[in-house]
Amino acid sequence: MTRHLIICLLATLLLISLPGRADAQLPELGNPVDTVLSPAEERQIGAEVFERLRARGGVIEDPLLDAYLNDLGIRLMSSSNDTQFAPQMIIVDNPMINAFTVPGGYIAVFSGLMLAAENESELAGVVAHEIAHATQRHIAQMVAAQTGNSMTAVAGFIAGILLGAIDPQLGAAVATAGIAGAAQSAINYTRMHEREADRIAIDTLRRADIDPRGMASFFETLQRRAGADPGRQFEFLRTHPMNSERISAIRDRLAGLSSNRFGASDSQSFRLARARLAALTGRSGLSLDPADETYRQAVAAQRRGRHDQAIDKLRPLYDSNPGNRWYALPLARALNDVGETEAADRILDDLISLYPGDTTLLRVEVDWMLDRGDAETAYETARRAVEARPGDAEAALTLSRAASAADRPREHHEQLGRYFLLKDNLVAAHQELETAYTFTANNPRAQARIESTLQEIERRAGQTDD
C-alpha cells in the first residue's frame with residue numbers, strides 16, 4: 001500500500017498542482033502518525049506550500065531579514081531536545097499579528113508580528129513555539145485523530161488550517177465545503193498542542209540563552225489588546241487558542257525557574273531587523289532608539305530611490321560599525337546605484353573577507369554583477385561557490401539565476417532542480433531536472449548525472465519499485 005496520494009490531496013487543496021496517481025490507495029485512518037503522514041511527506045507538503053506562497057507574491061524577499069530570521073530559527077532548533085532539522089522560515093508581507101507552521105518544519109512569520117514584538121525574546125518565544133509544533137508533528141497528529149472522516153475531509157481540514165492562517169475567508173470556504181463536523185473536535189485537540197508547545201518552547205529558549213519570559217509577555221499583550229478592542233483581528237489568537245488558564249500555566253512554569261538563567265532579552269540584530277522591516281513595509285511610529293530610527297529612515301529613503309539621502313544617513317553608522325552587515329550592505333547598494341562602484345565593491349570585498357562563505361553576500365555579489373551586465377563573471381563566481389558548498393540550497397539558486405542570465409539553460413534548470421531537491425520539493429525538482437535533460441543531447445556526462453538524480457528523486461517519492 002502506498003501513501004503518496006495524501007500528498008496530492010493535500011497539495012491540491014492548498015492550491016498546489018501535484019501529479020495524481022490513480023493506482024495509489026488511501027492509508028487507513030487512526031493508525032500511528034507515520035501511517036498517515038511520514039516525515040518525508042510532511043517536508044514535501046511544506047516545500048510545495050512555501051514555493052506556492054513565493055510564487056503568488058506576498059513574501060518579503062530580503063537577504064538581511066531572511067538571514068536574521070533563519071539564523072534565529074537554527075539557533076532555537078539546535079537548542080531543542082526533540083527531533084532536529086533545519087527550519088525553513090519566511091516573512092509574510094501582512095500586517096496581521098500571526099505565525100504558523102506548515103508540515104515539515106516550514107514556519108511563516110507575518111510582518112505584523114515581527115513589528116509588534118518589543119524585543120527579541122518576544123519574537124523568539126513565538127518562533128520557539130512554532131518550532132515545537134513542528135518537532136512534535138502536531139498537524140500530522142491532527143490528521144491521525146480524524147478517524148471518523150474520509151481522507152478528503154481530513155485533507156480539507158489541513159487545508160483550512162493553513163489557508164485560514166493566510167486568508168481567513170479562504171480558510172472558512174474550505175471548512176464550509178465539507179469539514180465543519182470535524183472542526184470543533186479538532187479545536188480542543190489543538191489546545192492540548194498549544195500547552196505542549198508552550199512547555200517545550202520555554203525549555204528551548206533557556207537552552208538558547210534567550211529570556212523565556214518574552215513569550216509570556218507577548219501572549220499577555222496580545223490577549224490584553226484583543227480584549228480592549230474586540231474589533232481588532234489578532235489572527236495569532238484565532239489560530240493559536242489562548243485563555244487565562246494557559247497563560248497562568250506559562251507563568252507558573254517560569255516562576256519555578258532560576259531567574260539568573262533567563263538569558264538575553266534583546267539584541268542589536270533584532271532591533272535593526274525590526275527597523276528594516278518597518279521601512280520596507282512603510283510602517284512608521286515604532287518606538288526606536290535614535291540610531292535605529294536613523295537606519296529605518298535610510299532604508300525607507302533607499303526604497304523610494306533617494307540614494308543620496310540614504311548614503312548620508314548610512315555612512316556615519318557604517319563608519320562607526322564597519323563590520324556590521326545591516327549598515328554595510330545597504331550603503332554599498334546605495335553607492336553602487338549612484339555609480340560609485342569602486343567604493344561599493346570595497347565595502348562588499350571587506351564583508352566577504354570578514355564572512356567567507358556567507359550565502360547572503362554571495363547573493364548580493366552576483367546580483368551586482370548581473371546588474372552591471374557581467375553575466376559570465378557572475379556565473380563563474382556562483383559556480384565556484386556551489387563547488388565549495390554543494391549542500392547550500394541558496395548558493396544553487398544563485399547559480400541558477402546567473403546561469404539563466406549567461407544563456408546557459410541546462411545549468412539554469414539543473415541548478416534550480418538542485419535547489420528544489422535540497423529544499424525537499426521533489427515535484428518541482430523533478431520537473432526542473434527533466435527540463436534540464438532536454439538540453440543534454442551533446443553532453444553524455446550531463447545526461448548520466450541528471451538521469452541518476454531523477455532516479456534518486458523517483459525512489460524518494462516512491463514512484464518506482466526499487
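Which residues are buried in helix 19? The points below take up that helix and then the rest of this predicted model.

1. **Helix 19.** The buried residues of this helix are Thr 359, Thr 360, Leu 361, Leu 362, Arg 363, Val 364, Glu 365, Val 366, Trp 368 and Met 369. That list holds charged residues, Arg 363 and Glu 365, as well as Leu and Val residues. With 10 of its 13 residues buried, helix 19 is largely enclosed by the rest of the structure.

2. **Span and neighbours of helix 19.** The helix runs over residues 359-371. From first C-alpha to last it reaches 18 Å, close to the 18 Å expected at 1.5 Å a residue. Its buried residues pack against helix 4 (63-78), helix 17, helix 18 (341-354), helix 20 (375-388) and helix 21 (393-405).

3. **Overall make-up.** The protein chain has 24 helices and 3 strands. It has 466 residues, and 53% of them count as buried. Its accessible surface comes to about 20,200 Å². Carbon and sulfur atoms account for 47% of that surface. Take the contacts between residues at least 6 apart in sequence: 64% of them join residues at least 24 apart.

4. **Main core.** The largest nonpolar core has 72 residues. Leu 76, Val 109, Leu 123, Val 127, Phe 218 and Tyr 295 have the most contacts inside it. Helix 17 supplies the largest share of this core, 8 residues. In soluble globular proteins, nonpolar side chains tend to be buried together.

5. **Val 109.** Leaving aside residues up to four places away in sequence, Val 109 touches Leu 69, Met 89, Ile 90, Ile 91, Val 92, Asn 98, Ala 99, Met 114, Leu 123 and Val 127. Leu 123 and Val 127 are also among the core residues with the most contacts.

6. **Second core.** A separate core of 15 residues is also present. Its members include Ala 396, Ala 428, Ala 429 and Ala 436.

7. **Aromatic pairs.** The count comes to 4 aromatic pairs. One of them joins Tyr 295 and Tyr 327, edge-to-face, at 5.7 Å centre to centre and 70 degrees between the planes. Tyr 295 lies in helix 15 (residues 290-303) and Tyr 327 in helix 17 (residues 325-337), so the pair ties together parts 32 residues apart in sequence. Both tyrosines, Tyr 295 and Tyr 327, are buried.

8. **Charges over rings.** Two arginines deserve a look. The charged end of Arg 325 sits over the ring of Tyr 355, 5.6 Å from its centre. Arg 408 lies over the face of Tyr 379, 4.1 Å from the ring centre.

Note on methods. Residues are numbered from 1 along each chain as its sequence is written. This is a predicted model: local features need pLDDT of at least 70, side-chain atom pairs count only at pLDDT 80 or more; totals for chains, interfaces and linings use all residues. Side-chain values use heavy atoms; hydrogens and water are left out. Rings of Phe, Tyr and Trp (its six-membered ring) pair if their centres lie within 6.5 Å; planes under 30 degrees apart count as stacked, over 60 as edge-to-face and the rest as tilted. Helices (H or I, at least four residues) and strands (E, at least two) are DSSP runs, numbered from the N terminus. Buried means under 20% relative accessible area, exposed over 50%, partly exposed in between (1.4 Å probe, protein chains only). A charge sits over a ring if NZ of Lys or CZ of Arg is within 6 Å of the ring centre and within 35 degrees of the ring normal. Contact means heavy atoms within 4.5 Å. Accessible areas come from the Shrake-Rupley method with a 1.4 Å probe; for residues, only the protein chains shown count as cover. A nonpolar core is a set of buried Ala, Val, Leu, Ile, Met, Phe, Trp, Tyr and Cys residues joined through side-chain atoms within 4.5 Å. The expected span of a helix is 1.5 Å times one less than its number of residues.
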